[in-house]
Every structure is written in structure tokens, then in C-alpha cells.
Amino acid sequence: MNGFVGTDIISRKIAKGDIVNLDDRELNEWIIQIKQADNEFPKLKTILIDTAPYHNAGANAIQEIAIALAESIFYIESLKDEQWEPERIAEKLVFHFSIGANFFMEIAKLRAFRRLWSTVANAYQLPKEYQHVTTSAETSSLTKSILDPYVNLLRAGNEAFAAVIGGIDFLHVAAFDEAYAESNEFSARIARNIQWILREEAHLSKVIDPAGGSYYIESLTNEIASKAWELFQLIDAKGGIIDVLKSDWIQDEINQVLEKRQNAIATGKQSLIGTNVYVNLAEPITFPAEFHKHNANTSVNRLSEPFERLRKKSYQLEQMGVSPHAGMICLGPLKDHKARADFATGFLASGGIKATWSKECMNIDDMQTFMRETNYSYYCVCGNDEVYQLFLGKYETWFSKNNRKPIIDIVGNITTELFSQLKNKGISGSINKNQNRIEKLTALLSLWEVE
């Protein structure tokens, strides 16, 4: 029998948050199973090194490669103690990776891994025929969203493309609705067809090494390989993969990477189409029973989850008859307010807050009429800096005559001096591209929660 059947006992433990309890008894049971399988099916590959839990916890390419190498050393040394030769162990190995959204980075990750595995194989004095190792891949769970879920098809296609270009032997493309539902016949068929398109229509099976010779990819591969080898050596110096996992050191390193990624999503520096940009508030959303709660040992922390929680909160408010709605006070002609009004509308939509634009407000009376007619709890003032100076210098007269004082934000990165002046006239805060959107939108939704 040929093929592969295996379990990575280390990754399985880390996925369950139970790595501290990995003991010699479990390792011995695993070794017994490997030996039995070898006796009955000598050509079957049975030693899996699965880096997907680390990837889906937030690890970057460098960390994934270093961990894969460190796990391989642990398994090789464990079986050497059982009098297995390194060549025999190498024949049994399968390395499994999860492929993320950064197309060129993921291609380089797979190429860098194979290069470093050759270094490890040479250290064990493996002959050339044993230096090729089987690699498999799956599309990432970290990058998927329950919001605008058909975008997941594009993400999966991009990830699958990178995996094939990177030279994997086996590929699993997850269904686009996997994040929130049991896959059905339709979603499973679409996932399968992504692979068929890459093979039969993109003809990726016709080229041995599509990325070979690309200066950018080769340069990126060299950089990743160098840094991953340094991290692997550091793990080895700290006692190996089991010790760094039990001490939570590697988890802390992964968490730092995850926090940077989450911050990039929250501030809009990284886009998730349909989640933090280009949001469609009219689409129906299927919310899972509960969202994952992140801790150092969990294996899946989707980057979109904070925005999904905001959308769920706004949906619940609507179900209670309180619709989160904001008024856009558009100052001056279209050319003066459109850019900032568009930005604010998209910003608010990512939290499930709908926006209604005023007509072109050419004077204070236009502003007053719009606010009286809508009577919202929250407004955004949109215009350029010159218009802000012109209009809002007169704004306090209107504000002081209103018994019901709504929350009013200014849109844009305006100067500290101007913002101080506007705040004295009743402006509450601002919306700008440098903000943490999760924090801002959470605070805004509390306005309607009070209602």
C-alpha cells in the first residue's frame, strides 16, 4: 500500500491547548503505531509534521519553517533511539503547510523550506534520493471571513495558486463557507473546481518550476531561509520544540505576529474585502453559534473576527428595533466633501452602521434642516479643511440651541490646532484613517445600545 496516513502528536496537542501534558507515554504509543504501520505497510508514509495550527494561530512564514524543521528533528531523534536509520525515517515524512494570502511570500516559504530541509538532510548524511520530502498544503483558515463569504473563493484561489507554484505534492482547498457552516455539495464542488481550473485551464501541471528564475521570488526565498534558519537554531538552543512550546516562548512569539496582523486589519493598513473595506450592508449574514476565543494555544484566530462581532452586535440591535444609523453632513459642493464622506461611510459600514448623506450643505440652514429631519444620535461632518473653518466657525450657534445634543465627529486627519477649536464648539471626536476601527466602532455602537 502506498500513500500517507499520519498524525502529528505535537500539533494535535498545541491545537487543543494541551501541549504541557505531552508525555513519554503518548510518544511511546505513537512510536509503537509507527512501527506497526511500517511492518504491515512498509511503503506507507506515516510521520506527519503539521504546521497549520501554528499558521492559523498567526505564525508567519519564518516561524512556520523553523517549527517544521524543529519538529522534524524531534521525530527523527525519537526514532533513532528506536534504532531506525535517518534514511528510513525520511522516507516516512510528510510536511503539511497552511497557505496564506501573501502570494509571493507563500511561494517563497515553500521554496525556502525545501532548501533548509536539504541542509538538515545533509547534516544527517542522507543520500540525494532521500533528500526530496513530500509536502502537502491547505488553504488558510486565518484569512477567511463570514462576511461577504464568496470573496473567500478568491482568497482560496489565490492561496491554492501559490501552493502549486511553490511546488507542493498534495493540496486541500477548503470550502468557502467553512468558517460558518457545514460544507454542502455546492461549496465542496466549487472548492474542488478551483484545483481543476489551476490544472486544466491555467496549465500549472505543464511547468516543472513556474517560479524558478524569478529574481524577486529567489531574493525573498533567500531572506526567508536565512531568518528561518536563525530561528530554528534558537529553538534548538532553547532545548528543542517541546521545551519552547511547554515554556510558551514560541506561542508568545506567534502572538506578537498575530497582534501586528490584527492591528493592521483594525487600522485599515491591510484590507479584507467585504470585511473592513467595500462592505455590503445589504447582504445576509450567517453568524456561527459562537466565535473563537483567542488564547496562546488555540489553532484558529480568523483575522476578520473582530469585525464579525461588530456586525453581529449591529444586527442584534436591528432585531431589537434600534437601527444604527449615522448622518453625513456634507459641507460645500461635491468635490469638497465626497472623498471624506465616502471614507466615513465605508468606515462605519464595517461596523454595520448605515449612513445617510445630506444634500450639499451650502450654509448653516442646510445643516439645521438635515439634522432636524433625520434626528439621529450620531453625525459625521465631511468636507475639506477650508470648508471646516468656514462652516464650523458658526456651528456653535446652532449647537447651543438644541436641547438634544447628538454626537458629532469630524472626518479627516485635521491639524491638532483646528481640532481643538472645533472641539470647543461641540465636535466630539474624529474619524480618520489612522484610527483603530474596532475601538472606534465599538464605542459608537454603544450609543445605540443605550437606546
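User: In this predicted model, does lysine 359 count as buried or exposed?
Analyst: The relative accessibility of lysine 359 is 60%. The cut-off for the exposed class is over 50%. Lysine 359 therefore counts as exposed.

User: Which residue does the side chain of lysine 359 meet in a salt bridge?
Analyst: The pairing partner carries a carboxyl group, and the N to O distance is 3.9 Å, which falls within the 4 Å limit for a salt bridge.

User: How far apart are the closest N and O atoms of aspartate 38 and lysine 92?
Analyst: Aspartate 38 lies in helix α2 and lysine 92 in helix α5 (residues 86–92), so the pair, 54 residues apart, links distant parts of the chain. Aspartate 38 counts as buried at 10% relative accessibility, and lysine 92 is buried at 4%. The two residues form a salt bridge in which the closest N and O atoms are separated by 2.8 Å.

User: In which helix do arginine 25 and glutamate 29 both lie?
Analyst: The side chains of arginine 25 and glutamate 29 meet in a salt bridge with an N to O distance of 3.2 Å. Glutamate 29 has a relative accessible area of 40% and is partly exposed. Arginine 25 and glutamate 29 are 4 residues apart, about one turn of the helix that holds both, namely α2 (residues 24–40).

User: How many salt bridges does the structure hold?
Analyst: Side chains of opposite charge can pair when their charged atoms come close. Such links also form a network, which joins Arg111, Arg115, Asp209 and Glu218. The number of salt bridges in the structure is 23.

User: At roughly what angle do the axes of helix α4 and helix α6 cross?
Analyst: Helix α4 spans residues 61–80 and helix α6 spans residues 103–123, and their axes come within 10 Å. Angles under 35 degrees count as roughly parallel, and α4 and α6 are therefore roughly parallel to each other. The crossing is right-handed, and its angle is roughly 30°.

User: How many nonpolar residues does the contact of α4 with α6 have?
Analyst: On the α4 side, the contact includes Ile65, Leu69, Ile73 and Ile76. On the α6 side, Phe113, Leu116, Trp117 and Val120 are among the residues met. By class, the contact has 1 polar and 2 charged residues, while the nonpolar residues number 12.

Notes:
Residues numbered from 1 in each chain as written. Predicted model: local features only at pLDDT ≥ 70, side-chain atom pairs only at ≥ 80, totals over all residues. Heavy atoms only, no water. Axes fitted to C-alpha atoms, helices over the stretch in contact; angles between N-to-C directions. Helix = DSSP H or I, 4+ residues; strand = E, 2+ residues; numbered from the N terminus. Parallel < 35°, antiparallel > 145°, perpendicular 65-115°, else oblique. Left-handed = near helix turned anticlockwise from the far one by under 90°. Contact = heavy atoms within 4.5 Å. Nonpolar A, V, L, I, M, F, W, Y, C, P; charged D, E, K, R; others polar. Buried < 20%, exposed > 50% of the residue type's maximum accessible area, 1.4 Å probe, protein only.
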